[in-house]
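Colleague: I'm new to this one and would like to learn how to read a few of its features. Could you walk me through them?

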Amino acid sequence: MGIRFFRGQKIKFEHEFRQLQEIVEILRKEFPQEPVYVLTGVLVANGQIDCVILTKNGPILLELKAFRGEIRGLENGNWEVTTKDGPIPLPNLFLQAKIHRQDFIDRLIPICRRNFPHIGEQNLRKMASWLYFCRKSTYPDGQIDFRKVKWFRIVTADDLVERMNFVNSGYTLRIQDMDAIVEGLHLEEYSFEQETPLFPATRRRKRPLLSRTTLIVLLVIFAVFTIAIFIVVTVPGARIAAASAIQGIATLVGGWGQVLARGSFKSNSTVDDSKQSIVYLNRLRLAEGQVPLEFDERAYELALARAGDMADYTYVNFTNPSTGSSALALKGAYGFSRNETLIEAVYGQWSGYTPGIEQAAIDSWITDAGNRKRLFFNQTAAAVACKGGYCSYIGVRGQQAAPSPSPITPPPGE
């Protein structure tokens, strides 16, 4: 997946570009496959945010400060950085980070309500807002207590990744959530090195209400309809034949409508849907040198139950936060023995069940390091099932398989 770049305003200053270049090099090295969006020049109510990093752990706001030295400043009053050339006075950077953080939260709340309401507005308020200084800059102890102001930090290239690893927002941003954010902010995707848009806007020509081809087709239909009416009125017996034809067409259309209605109102994966999803997953596993998986109907039934439970209680997790139900707790009820280990991955989309959601869930899991391990781990059978926009993957391995670092629950460090 790699890093994608979006902007509200173009980068205006060379020192700002150099710092962003430094940040990009760090992110590319640390996140070679994990999806990361870098937003630059984001305008908000009270100014412009230099950089926003969107990761699965949530947004991180960075205010870029091209100074190197000892930094001093509290919640109140002005700040100062002592460089090799002497002290340089600065405005209250804590207040600036706080204001921009609140502005960004205010912009994200309506986007959250429309596209990922499961995250919740309270979780959004855990957003990090940091000051990014040049390497070897220091912020002596005894100033702002970071234990009390958990969203605020002063970072450099020396410790940016370390600080990012300790971000705990309490939720996960999916790729579609990141796409919703950049779309909601009306940002432009661009190439960071060339500073050019990837999808340049083109002037839209005003289109007529009807194209020439459409107009010709409508005229032909009108002419045929007119001729048909004339024949029915003037030719003996034509009226009876026309009535029979219309009745036959109505019966045929009604049959089609019933078939389409059955598909349109489908709310969960069928066995065939699950089997097709395993076929799709096996193509990906074979490409990575992994053995293909067999379809397990027990896994399908358990995955469907897990998806239904997530849909009923509106959560995306390995354990129901209200009842404590989990795949591990239910395995015996679905015919699995003690010697069989289950591996689960979960997914949710907030537009309900849609055709192809099983493949969309697999695509999402593949782009996440932890879920990718679960899908590619040593196992013999599996199934995917979705209900109401929630999906569960259940992988099965027997007693002889190599031990897993952590089935069902996320591996340490994720």
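Predicted model: local features only at pLDDT ≥ 70, side-chain atom pairs only at ≥ 80, totals over all residues.

Colleague: Is T40 buried or exposed?

Modeller: The general idea is a cut-off: buried means under 20% relative accessible area. T40 has a relative accessibility of 1%, so T40 counts as buried. Leaving aside residues up to four places away in sequence, T40 touches F6, R7, G8, Q9, L20, I49, D50 and Y190.

Colleague: Now a sheet, please. In what order do the strands of the open four-stranded sheet come?

Modeller: In general, strands of a sheet pair through backbone hydrogen bonds, either parallel or antiparallel. Here the order is β12-β14-β15-β13, with mixed pairing. The edges are β12 (294-295) and β13 (341-348); each has a single partner strand, so one side of each has no neighbour in the sheet.

Colleague: How do β12 and β14 pair?

Modeller: β12 pairs with β14 (residues 381-387) in the parallel sense, over two bridges. In this pairing, E294 stands opposite A381 of β14.

Colleague: And which helices pack on the sheet?

Modeller: Helix α8 (residues 271-287) does, touching β12, β14 and β15 (390-397), and its direction makes about 125 degrees with that of β14. Helix α11 (residues 357-366) also packs there, touching β13, β14 and β15, with its direction at about 105 degrees to that of β13.

Terms used:
Residues numbered from 1 in each chain as written. Heavy atoms only, no water. Buried < 20%, exposed > 50% of the residue type's maximum accessible area, 1.4 Å probe, protein only. Contact = heavy atoms within 4.5 Å. Pairing = 2+ DSSP bridges. Axes fitted to C-alpha atoms, helices over the stretch in contact; angles between N-to-C directions.
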